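Hi,

Here is the structure I said I would pass on.

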Amino acid sequence: MAYGIISFGGYVPPIRLARSAIFEAVGWCSPGLKGLAAGHRSVGNWDEDSLTMAVEAGRDCLGGLATDVQQVALASTTLPFADRSNSGVVADALQLTEFAGTEDVGGSRRAATSVLSRLARGQGGNTLLIGSDCRDAKPGSTQEMSYGHGAAALLVGEGDPCAVFLGAASVHDDLVDQYRSADDDFDYALEERWARDEGYSKIVPRAVAAALERANLAASDIDHIVLHGSTGAARAVAKATGLDAKKFADSLAGSVGDCGVAQAMMMLTNVLASAGVGEKILVIGFGQGADAVIIETQGAISQVQKGRGLAKYLEQTRETDKYTFFLSIRQQIEMDYGIRGERDNRTALSTAFRKRYDITAMMGGRCTKCNTLQFPRSILCVNCGAKNTQEPESLSAEIGRVKSFTEDWLAFAPCPPYIYGNVEFKDGANIMLEFTDFDAGQVQVGDEIRLVFRVKDYDNRRNYRRYFWKPAPLLGDAA
Amino acid sequence: MAKGIKDKVAIIGMGCTRFGERWDCGPEELMNESFAEAIADAGIEKEDIEMAWLGLYSQEHSAGKSGLPLSVGLRLPNIPVTRVENMCATGTEALRGAAYAVAAGACDMAMALGVEKLKDTGYGGLPERSKGTFDDLWLPNQSAPGSFAQLASAYINKHKKDLSELKRAMAHVSVKSHANGALNEKAHLRREITEDQALNAPMIANPLGLYDCCGVSDGSACAIVTSVEKAKEMGFKDFVTIKAMQLAPSNGFELQNTGWDGSYLHTTRVASERAYKEAGITKPREEVNMMEVHDCFSVTELVVMEDLHIAEEGNAINDILDGTFDRDGKVPCQVDGGLKCFGHPIGASGLRMAYEMYSQLLGRSGERQIENPKIGLTHNLGGQPNRNVASVSIFGLNGA
């Protein structure tokens with residue numbers, strides 16, 4: 001048994017907006033953005049937020065493991081609820097035990113690396129650390145171009161780690177290069193050159209030096225540098241620290257964008273997914289200070305790598321060049337969906353509480369008399385009628401098969417057409433479900449689907465949202 | 001062993017409003033209109049009616065809950081009025097209540113009245129509604145066309161048909177109903193359409209285009225029922241009796257179990273088999289002379305032909321394209337224009353279907369009269385294919 005990173009996982013939403021489409025739409029007022037108008041950025045679908053992305057990254061990280069998670073730390077600056085445990089919903093969706101501690105961590109772009117730095121320095125129970133951010137930006141802003149949406153997760157604790165901690169340090173320093181007030185939708189950012197010269201060049205080196213000293217290593221010993229920052233920031237850090245500029249990891253800027261709290265975690269996940277044994281990785285978070293964490297991969301890395309990480313999500317894309325579609329699914333413009341869109345989605349919270357495992361963990365029931373699986377779980381078995389015989393069994397990890405479906409242009413959907421249908425699962429279970437991430441013409445009877453945790457409905461009158469599982473396309477062979 | 005209600009209950013008067021966008025009418029006007037026709041037809045006074053059943057579904061959008069809208073709207077003399085609501089079978093359920101009261105001998109004369117005012121919602125299609133606090137948490141917020149459209153994907157998959165074949169038969173269903181509706185002054189949609197129009201219409205819920213969907217309208221229909229003995233006493237000679245009324249709701253099987261393949265309507269099969277038994281019918285295709293089925297969507301009518309055991313399983317497309325269900329075909333279907341042309345004021349539809357059977361059996365259907373019908377069948381399907389309420393009723397001339 002050793003302490004370290006037991007597993008890792010990542011997630012990038014499939015929608016990718018061509019940055020050229022942003023420029024085409026906003027270039028008339030912001031001609032200076034032309035230089036950024038290359039590649040794509042990831043965009044969370046209308047039913048994705050930092051919470052749902054965290055669930056997906058957490059599933060990727062925990063898949064196939066038997067580890068008992070004792071703590072969930074959900075780091076983000078964009079959690080949907082200010083007073084409701086977001087990490088508690090994630091814990092239920094991941095079917096962690098009721099004794100798993102849950103904490104929501106925010107406050108800066110380095111919320112995730114700060115927790116990682118703390119975990120590196122002091123052993124606790126098994127902690128699932130998830131970084132997830134879904135930052136929106138003002139139309140026509142630099143951030144609209146450069147931001148992306150994504151998440152990543154690390155399981156840290158005792159076991160057979162794929163990487164161990166060699167040293168870590170954190171420095172806090174209130175350089176406000178960008179900020180978002182608690183009641184604001186968008187970030188307010190100052191010129192990047194200032195952050196580069198006064199922040200990356202002066203704050204980061206202090207954290208890096210302390211971490212290297214604690215690890216008893218020199219800058220030249222580091223094989224990979226994961227830095228949350230631009231290429232300009234990376235050059236500045238290399239110059240100030242003596243780190244090798246060629247060893248900075250892919251920032252994913254071209255295909256995903258800057259995912260805020262999740263960014264350093266996602267880049268680390270990406271490095272871990274292809275690292276060999278004995279490689280030293282320096283992870284640097286930045287934002288009103290800096291975190292530096294040095295880890296070294298272990299023999300278990302090749303076992304953990306199988307299928308895990310961002311690659312499969314980076315390959316599975318739905319590219320779009322529709323700027324108004326992007327604004328609409330991010331709720332930045334309100335399309336006229338007619339009176340049907342006025343539907344009242346009030347949630348009866350006492351019902352939702354009684355049925356919390358049915359909904360959040362997609363807990364069905366398996367009849368112990370006739371072995372029929374069913375959702376929702378009920379008093380009487382749908383097949384044999386036996387009473388109180390159903391043992392809870394989640395269907396969230398099951399592969400389903402489309403029995404029938406439609407593409408509905410009448411019913412209200414924030415991303416028309418509204419696709420839904422009957423889906424069959426193993427041992428007799430059939431459920432009618434709302435699909436997501438499919439385009440019109442993509443679904444066929446007989447197709448296999450996987451389930452993803454998404455926003456089911458928004459209640460805009462009461463500022464509430466509810467979640468459920470939806471069929472989505474299978475991930476590619478990389479999975 | 002109970003024998004059912006065959007030939008125990010006579011329908012001695014019926015009324016039906018013009019269905020349509022009755023912007024100048026509320027439920028009160030619609031109820032009074034169908035009621036006035038029904039009692040005039042029966043030759044009775046309001047005071048002769050001892051019990052009443054009101055079929056009304058979307059009460060929030062029109063008349064309000066309880067039996068009060070009927071009692072107040074018609075100024076009934078404080079007789080018992082029960083409001084029933086069982087999705088799209090609501091109108092038929094009102095009739096079943098009234099018929100059972102008469103058959104049981106609880107009263108001599110009862111009334112069933114169905115009404116729905118849909119066009120106060122401000123948008124097309126049926127009103128948005130909650131499915132209950134738990135189901136809203138997980139079931140899709142589906143529309144009616146989207147629910148039924150799924151029959152198409154499962155049907156062609158099961159029977160190895162081309163979508164284009166199915167679409168042609170669906171188009172034929174709608175072309176036929178429009179041709180019938182054009183002859184009916186009470187229908188909402190009274191224009192004939194062509195197969196091309198149906199095939200090239202805007203998509204509503206794939207593969208259902210605009211003309212695959214029934215209209216949305218306001219309307220009311222009413223029936224006065226009494227015992228066969230009483231009908232004879234009153235001097236009726238050739239009158240219509242109820243041969244069977246059966247209802248089969250889902251129990252979760254279709255929605256929750258893979259035993260259902262999505263291509264047929266389980267409850268319609270159950271209800272029709274029970275109804276044929278109650279009516280003593282053994283060869284439905286030969287013995288049923290006409291039908292009004294729940295053609296909320298063209299594909300529903302197509303599939304229902306098999307589930308009612310009128311077409312052989314997998315053969316509905318051929319039967320339809322052969323004209324079997326056209327007005328001059330072997331088993332005419334939707335002779336009045338169906339839901340397709342009447343629209344679907346939910347509480348009224350089942351009674352509107354009964355009205356057409358009643359009129360045809362009595363030879364009063366004018367231009368669209370079928371030659372000497374003896375037995376007619378009505379069918380309602382409420383809900384969606386994977387969770388629904390199906391009713392099958394059989395009417396005929398007394399003694400048939």
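Let's start in a sheet: Gly131(A) has Ala152(A) in β7(A) as its bridge partner. Ala152(A) also stands opposite Gly10(A). Before I go on, some housekeeping: this is a predicted model, where local features need pLDDT of at least 70 and side-chain atom pairs count only at pLDDT 80 or more, while totals for chains, interfaces and linings use all residues. Residues are numbered from 1 along each chain as its sequence is written, and chains are lettered from A and ligands numbered from 1 in the order in which they are written.

Back to β7(A), residues 150-159. It runs antiparallel to β6(A) (127-133), with 7 bridges joining them, and it pairs in the antiparallel sense with β1(A) (2-11) over 9 bridges. (Strands pair if DSSP finds at least two bridges between them; strands are DSSP runs of E, at least two residues, and helices are runs of H or I, at least four, numbered from the N terminus.) Because 8 of its 10 residues are buried, β7(A) is largely enclosed by the rest of the structure. Buried means 20 or more other C-beta atoms within 10 Å of the residue's own, exposed means 12 or fewer, and partly exposed is in between, with C-beta atoms placed from the backbone.

Next, α6(A), residues 192-200. Its buried residues are Ala195(A), Arg196(A), Gly199(A) and Tyr200(A). They sit on the same side of α6(A) because they cover an arc of only 110 degrees around the axis, taken from the directions from the helix axis to the C-beta atoms. Arg193(A), Trp194(A) and Asp197(A) are exposed on the other side. The buried set packs against α7 (204-215), α8 (231-241) and β12 (280-286) of chain A; contact here means C-beta atoms, placed from the backbone, within 7 Å.

In chain B, have a look at Ser298(B), which is in α12(B) (298-307). It counts as buried because it has 32 C-beta neighbours inside 10 Å. Ser174(B) is 124 residues away in sequence, yet the C-alpha to C-alpha distance to Ser298(B) is 6.3 Å. Leaving aside neighbours within four places in sequence, Ser298(B) is in contact with Met170(B), Val173(B), Ser174(B) and Asp212(B).

Finally, the contact between the chains: 38 residues come from chain A and 34 residues from chain B. On the chain A side, β18(A) gives the largest share, 6 residues.

Cheers

Conventions:
Contact = placed C-beta atoms within 7 Å.
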